[in-house]
Amino acid sequence: MNQVTFLGDVSLLIASMKSRYYLHGDYVFNLEYVIPNRVCQPKTNKVNLHGSQVDFGSIFGKPPLAVCLANNHIMDCGITGYEDTINFLEKENIQYFGAGTTDENHNNSTIIGVNGTRLALIAYSFFDEKDG
């Protein structure tokens with residue numbers, strides 16, 4: 001199996017960022033912001049992280065294998081921002097895990113393939129970001 005790099009929190013809040021972070025090989029990271037495509041109402045009484053759609057491939061050299069959404073910012077713009085983020089990731093063919101409905105087990109586990117080896121990714125957040 002090739003090396004998979006696991007990054008921590010990534011917040012690319014400026015769509016015009018240029019690559020200075022080229023990674024050799026595959027990678028996964030925590031998408032620490034929401035990507036709304038519509039006007040949304042940010043939550044009150046907290047730091048809200050939301051930004052524009054970016055081309056992860058131009059920043060890191062290629063798109064990620066998957067991104068984690070189990071964090072305290074996925075609902076910063078409510079259900080609108082959450083849905084827009086999911087739609088963006090699906091349009092870009094980027095797998096995600098750690099956010100969704102209970103019926104779909106919060107998109108856990110997501111299985112990714114790396115040179116014939118299957119890797120399961122799971123993530124859960126302690127916080128209930130639906131409320132507040």
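## The open sheet

Four strands, in the order β1-β2-β3-β4, form an open sheet with parallel pairing. Strands here are DSSP E runs of at least two residues, and helices are H or I runs of at least four, numbered from the N terminus. Two strands pair if DSSP finds at least two bridges between them. The edge strands are β1 and β4, and each pairs on one side only. Neighbouring strands of this sheet are turned against each other by 25 degrees on average, direction ignored.

This is a predicted model: local features need pLDDT of at least 70, side-chain atom pairs count only at pLDDT 80 or more, and totals for chains, interfaces and linings use all residues. Residues are numbered from 1 along each chain as its sequence is written, and side-chain values use heavy atoms, with hydrogens and water left out.

## Strands β1 and β2

Strands β1 and β2 run parallel and are joined by 5 bridges. V10 stands opposite L31 in β2. G8 is found in β1, which covers residues 4-10. G8 is partly exposed, with a relative accessible area of 46%. Buried means under 20% relative accessible area, exposed over 50%, and partly exposed in between (1.4 Å probe, protein chains only).

Leaving aside neighbours within four places in sequence, G8 is in contact with F29 and N30. Contact means heavy atoms within 4.5 Å. The C-alpha atoms of G8 and V28 are separated by 8.6 Å, and these residues are 20 apart along the chain.

## Helix α2

Helix α2 packs on the sheet and touches β2, β3 and β4. The direction of α2 makes about 140 degrees with that of β4. Axes are lines fitted to C-alpha atoms, for helices over the stretch in contact, and angles run from 0 to 180 degrees between N-to-C directions. The buried residues of α2 are G81, Y82, D84, T85, I86, F88 and L89. These buried residues pack against β2, α1, β3 and β4.

At 1.5 Å a residue, the 14 residues of α2 should span 20 Å, and the end C-alpha atoms are 20 Å apart, which agrees. The expected span is 1.5 Å times one less than the number of residues. After α2 comes N93, whose phi is positive, near 55 degrees.

## Two nonpolar cores

A nonpolar core is a set of buried Ala, Val, Leu, Ile, Met, Phe, Trp, Tyr and Cys residues joined through side-chain atoms within 4.5 Å. The largest has 24 residues, of which L31, F56, F60 and L69 touch the most other members. The elements giving two or more residues to this core are β2, α1 and α2. α2 gives the most, with 4 residues. A second, separate core of 11 residues includes A66, F97, L121 and A123.

## The aromatic cluster

Y27, F29, F56, F60 and F88 form one aromatic cluster. Phe, Tyr and Trp rings (the six-membered ring for Trp) pair if their centres lie within 6.5 Å; planes under 30 degrees apart count as stacked, over 60 as edge-to-face and the rest as tilted. The whole structure holds 5 aromatic pairs. Y27 and F29 are stacked, 6.0 Å centre to centre with 10 degrees between the planes. Y27 and F60 are tilted, at 5.1 Å and 50 degrees. Y27 lies in strand β2 and F60 in helix α1, so this pair ties together parts 33 residues apart in sequence.

## The hairpin

Strands β5 and β6 form a hairpin with 2 residues between them. These strands run antiparallel, joined by 5 bridges.
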